[in-house]
Amino acid sequence: MIEMLRKINLSRAVRTMQELFPEEYDFYPRSWILPEECQQFSTQIRMVKENDATVNPTFIVKPDGGSQGDGIYLIRDPSDLKLMVGSQAKQAVVQEYIQRPLLIDKLKFDIRLYVLLKSLEPLEIYIAKEGLTRFCTEPYQEPSQKNLSHVFMHLTNYSLNVHSGNFVHSDSQSTGSKRSLSSVLYRLAAKGVDIKKVWSDIIALVIKTAIAVVPELRVYYQAEIPPGKPGPTCFQILGFDILLMKNLKPVLLEVNSNPSMRIEHEQEVAPGVFEYVPSPVDEEVKVGVIRDTLRLMDPGHKRPSISYLRAGGTEHGEEILMEAEPHERSPDDGSLPSLCLKQVYPKYTKQFNYLRLVERIAALFIRFLGVKGNMRLGPTAFRTFIRTCKLSNSNFSMASVDILYIDITRRWSGTLADSREAGMGLQAFVEAFFYLAARRFKSQPLREQVASLLELCEAQLESPPGVEERRSVSCSRAMPRTIRTQTLTHPQLASPGPLRRAASQDYRLHQRLKPRTLRANLEN
């Protein structure tokens, strides 16, 4: 999880989804990965300025493994990039800076939302109904060359602003430099803002971000947990940092794999003398998150979740029958308050399941990995994948397959500084899959090309194995039950063929029936 949520890996994962679903993933600022895309960044910015001299965008540079605001700085020109640390190239992400954030009391702020990823298979996501808002401590002005270095104006990180002389520790949840999310939402509601719409958009952002990072997590997971056997239950509390723009659109800043759970702060009670003082707003939010995570993960309360999805996905009149949320079915909790964690997935499966194309690609990747513990595909396994799915022909020979493998693998091995294994990783495999899809289905948009190739591959894998596949069995493994089957348990969909067709129908229907807003289904 730490690896996947480093800024470069998160940016790559979201970028892949932006290629497939640009409109659905427009909540993440445009990003460039340094140092490998430095030249591309410089060229694109120079062209923008040449086309319109009045345009002078601002960018924010974030170290790949940085936290608590450490090493972040703003620039207006690519020449201001600090690419080297000593003799080593600095791994970082440079992003478009959001110049018009929503302000309260003339201050910029962000939202820290706690999200429980309860399990990967099936995918279960819970969001805390209460969160934190962290305020800057200097009145906001749009970035200019004069104020780029004013961290207390531009950066919302608590760990930075707490050192400002203007930082206000408050016993109230609705005042001070750290407030509850509900107090901010109520204040916006008093001004006529549709906070149900804001909350709906935030939930959508969280689910889409999780869908983007889950494929790579599955590859790590299969390397550690034997398929089909009982193993440890893995879960994680994540910290989503979200900024509201002036038009109330939420923007994802980053996801923290290890968010702070401290419920006190340091206070200077005498010159040079500090003591820890409880923070009421931190205690109100974080104690509930920890308590309810433990309640949800308690093995004594586990029941298999049940869901039914008719073939066709988002058709009118269809139902998804799900297990009641834990606070509705745990009378033995005694005096414990109702859960502060709200299930959002699989609750909103119908609205978001069509986005999970890359997970299906990851399932193919995992099938052909071979020996347990592998996380990279060797050249023989890649050829086996091509042969098994019948993707080679007179126009695309196995020699061309080898060239494709070498070209993509070499390029990706040069971008992954911490690469420990030789071979093709998932991100490289996804690139190769996109190439194969575009080559085979030339007249379609990329997302439809990918969906069509997935259908083709899955159909080939469902057919009885031929001689070649039996001979190559050592290079493959049993297909794990992944996203396209985990929530489909309708009796009519018992065989793999209908399951695959249901997933494809789910996607195609979405193209005609865009997901309706969640507003009607959401509770504040």
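A total of 28 salt bridges is counted, a salt bridge being a side-chain nitrogen of Lys or Arg within 4 Å of a carboxyl oxygen of Asp or Glu. The structure is a predicted model, in which local features need pLDDT of at least 70, side-chain atom pairs count only at pLDDT 80 or more, and totals for chains, interfaces and linings use all residues. Residues are numbered from 1 along each chain as its sequence is written, and side-chain values use heavy atoms, with hydrogens and water left out.

One of the salt bridges joins the side chains of Glu-36 and Arg-12, with an N to O distance of 2.8 Å. Glu-36 lies in the loop between strand 1 (31-34) and helix 2 (38-51), while Arg-12 belongs to helix 1 (residues 7-20), so the pair ties together parts that are 24 residues apart in sequence. Helices (H or I, at least four residues) and strands (E, at least two) are DSSP runs, numbered from the N terminus. Arg-12 is buried, at 7% relative accessibility, whereas Glu-36 is partly exposed, at 38%. Here buried means under 20% relative accessible area, exposed means over 50%, and partly exposed lies in between (1.4 Å probe, protein chains only).

A salt bridge is also formed by the side chains of Lys-249 and Asp-26, at 3.1 Å from N to O. This pair links distant parts of the chain, 223 residues apart: Lys-249 is in the loop between strand 12 (236-244) and strand 13 (250-256), and Asp-26 is in the loop between helix 1 and strand 1. Lys-249 is partly exposed, with a relative accessible area of 27%, and Asp-26 is partly exposed at 43%.

In a further salt bridge, the side chains of Arg-383 and Asp-402 meet at 2.5 Å, N to O. Arg-383 lies in helix 10 (residues 379-388) and Asp-402 in helix 11 (residues 398-415), 19 residues apart. Arg-383 is partly exposed, at 21% relative accessible area, and Asp-402 is partly exposed at 26%. Elsewhere, salt bridges link Asp-110, Arg-112, Arg-134 and Asp-241 in a network.

In soluble globular proteins, nonpolar side chains tend to be buried together. A nonpolar core is defined as a set of buried Ala, Val, Leu, Ile, Met, Phe, Trp, Tyr and Cys residues joined through side-chain atoms within 4.5 Å. The largest core in the model has 98 residues, and those with the most contacts inside it are Leu-113, Phe-240, Phe-382, Phe-385, Phe-429 and Phe-433. Helix 6 (residues 195-224) supplies the largest share of this core, 17 residues. Apart from this core lies another, of 13 residues, including Tyr-114, Leu-132, Val-281 and Val-285. When neighbours within four places in sequence are left aside, the contacts of Leu-113 include Ile-127, Leu-181, Trp-199, Val-206, Leu-238 and Phe-240; contact means heavy atoms within 4.5 Å.

Two packed helices are described by the angle between their axes and the distance between the axes. The axes of helix 12 (residues 426-440) and helix 13 (residues 446-462) come within 8 Å and cross at roughly 95°. These two helices are therefore roughly perpendicular to each other, as angles under 35 degrees count as roughly parallel, over 145 as roughly antiparallel, 65 to 115 as roughly perpendicular and the rest as oblique. The axes are lines fitted to C-alpha atoms, for helices over the stretch in contact, and angles run from 0 to 180 degrees between N-to-C directions. Among the residues making the contact are Phe-433, Phe-434 and Leu-436 of helix 12 and Leu-446, Val-450 and Leu-453 of helix 13. By class, the contact has 11 nonpolar, one polar and one charged residues. Ala, Val, Leu, Ile, Met, Phe, Trp, Tyr, Cys and Pro count as nonpolar, Asp, Glu, Lys and Arg as charged, and the others, Gly among them, as polar.

Most residues other than glycine have a negative phi, and most peptide bonds are trans. In this model, the peptide bond between Leu-34 and Pro-35 is cis, with omega about 5°. Pro-35 is placed in the loop between strand 1 and helix 2. A cis peptide bond also runs from Tyr-345 to Pro-346, with omega near 15°, and Pro-346 is found in the loop between strand 16 (341-345) and helix 8 (349-352).

Asp-105, which is not a glycine, has a positive phi of about 55°. Asp-105 lies in the loop between strand 7 (103-104) and strand 8 (107-119) and is partly exposed, at 41% relative accessible area. Lys-106 has a positive phi near 65°. Lys-106 lies in the loop between strand 7 and strand 8 and is exposed, with a relative accessible area of 64%.
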